[in-house]
Amino acid sequence: MATSKKTNNPNKRVVYVVSEELAKVSSLLPSNKNRSLLVHSLASSLGILVPKQKHNGQHIRLIRPNRATLKDLSVYHTRDYLDFSLNPDNHSENVQQEPNESADFGLEDDCPPFRGLDDYIFLVAGASLTGANTLKTDQADIAICWDGGRHHAQKARASGFCYVADCVLAILALRRFVPNPYDNISPAPPSKKPRIMYLDLDLHFSDSVSQAFYSTSSTNSPQVLTFSIHHAAEGFFPISPLSSLPAPGSPTFDPFSLSLPLRPGASNRTFMRIWPIVERVKNLFEPDYIVVQCGLDGLAGDPMATWNWSLEGEGSLGWCTSRVVHEWDGKKLLLGGGGYNSPNAARAWAYLTSIAMGKPLSVDTEIPDHRAFPLYGPSFTLDVPAGNMQDQNNEEYIKSVEECFEDVLFALQHRLRQSTT
Ligand SMILES: [Zn+2]
């Protein structure tokens, strides 16, 4: 097994993508009304988002998102989807449209069109791309964009509360070869194509991101590896053949498209058990960039009520995030995602921000007095503790996952060796 040297540098350059306009427009998202405003105002009231000052001895730089251009969005989305979804005439519920035209683009049911959708798409995509670009241009080691992480949006349609595929766009931007400005001065150092690992911690399978990079070709360039840890059960959204445990013997197996489904009640204990698998995959792949979708709907207290994951302690979301940002080589882009208990989302992402900055807040930190303070009762602290749900990921299941991934790791190693010979 390859080993990765630790780079626990406490002075990492952290950027946080935010603007008033981004928070306002993200707060329009029908599935997460006002969540963004809550998230940024809690982080701000905790003193994390004070530009040009130090929080617990650490710096964070706030950067405004650039609005994505139509060209940026067209790198992945179809022109038809963009023409329809970006047209304000299609955003009113009362507008007369061709029958089923909205439905053709997924703009119905859990993805209704809403006034401001065009700004939402331009800004959320722009925010994640801005984060990615700060990493690419070496202005930061860690970029945080909690308004991003829309992992269900498809190339030609909205899906699962997601209207724009910012995760895919960010990965594509990181993957693109950047010409060395000194190429005209010989000898220029040879440029290596960057490798990107996408790690998805949301309760739901990252269907659109995994599908975007899935390939059964045994000769495809292993530049992007997607790894989704999620809940899977019959009928649970999203339904996709890629969400099951990998089957290395199957002709449809792609060692760069990995899924680790978990059962109800997944807790810190289960994440502690499966985490070595994630790290072994990372050690083999040796990514230059790690994009982490930090969806929060697996946390205890979320209305999804499926997992029992918590914020702090070994195996927790905080623990996993800390491992990635401080012990893994490579630059990191932290994105948001699901999370339907908005005060808990604000708690969790504020805590993860403090972890990224290298000085984690105590989860016993009291919520400061600010406009949204009453929403944080009855605890009025930062913690999102586990509940009483039973963890159904028993020893037998975990062992079957470990056995499966022994074969996956073998296949991955084989493919990586092939690609370098
Ligand atoms: Zn989710």
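Where does Pro238 lie? Select Pro238: the loop between strand S7 (224-231) and strand S8 (257-262) holds this residue. Helices (H or I, at least four residues) and strands (E, at least two) are DSSP runs, numbered from the N terminus. The model is predicted: local features need pLDDT of at least 70, side-chain atom pairs count only at pLDDT 80 or more, and totals for chains, interfaces and linings use all residues. Residue numbers start from 1 along each chain as its sequence is written.

**Two cis prolines**

Stay at Pro238. The peptide bond from Phe237 to Pro238 is cis, with omega near -10 degrees. Now go to Pro378. The bond from Gly377 to Pro378 is cis too, with omega near 0 degrees. Pro378 sits in the loop between helix H11 (342-356) and helix H12 (395-420).

**Two positive phi values**

Select Asp109, in the loop between helix H5 (101-104) and helix H6 (117-136). Its phi is near 50 degrees, a positive value in a residue other than glycine. Is Asp109 buried or exposed? Asp109 is exposed, with 10 other C-beta atoms within 10 Å. The cut-offs: a residue is buried if 20 or more other C-beta atoms lie within 10 Å of its own, exposed if 12 or fewer, and partly exposed in between, with C-beta atoms placed from the backbone.

Next, Glu286. Find this residue in the loop between helix H9 (268-285) and strand S9 (289-293). Phi of Glu286 is also positive, near 50 degrees. Glu286 is partly exposed, because 14 other C-beta atoms lie within 10 Å.

**Arg263**

Move to the loop between S8 and H9 and pick Arg263. Arg263 has 17 C-beta neighbours inside 10 Å, so this residue counts as partly exposed. Contact here means C-beta atoms, placed from the backbone, within 7 Å.

**H2 against H11**

Show helix H2 (residues 35-45) with H11; their axes come within 8 Å and cross at roughly 45 degrees. Axes are lines fitted to C-alpha atoms, for helices over the stretch in contact, and angles run from 0 to 180 degrees between N-to-C directions. H2 and H11 are therefore oblique to each other. Angles under 35 degrees count as roughly parallel, over 145 as roughly antiparallel, 65 to 115 as roughly perpendicular and the rest as oblique.

Now colour the contact residues. From H2, take Arg35, Leu38, Val39, Leu42 and Ala43. They meet Ser342, Pro343, Ala345, Ala346, Trp349, Ala350 and Thr353 in H11.

**Into the core**

Select Ala348. Leaving aside neighbours within four places in sequence, Ala348 is in contact with Leu296, Leu299, Leu311, Leu317 and Val384. Ala348 is listed with Ala143, Ile144, Ala170, Tyr198 and Val291 as having the most contacts inside the largest nonpolar core, which has 117 residues. Such a core is a set of buried Ala, Val, Leu, Ile, Met, Phe, Trp, Tyr and Cys residues joined through C-beta atoms within 7 Å. H6 gives the most to this core, with 11 residues.

**Last stop: H7**

Select helix H7 (residues 166-175). How many of its 10 residues are buried? Eight are, and the helix is mostly covered. The buried residues are Asp166, Cys167, Val168, Leu169, Ala170, Ile171, Ala173 and Leu174.

Terms used. Two residues are in contact if their C-beta atoms, placed from the backbone, lie within 7 Å.
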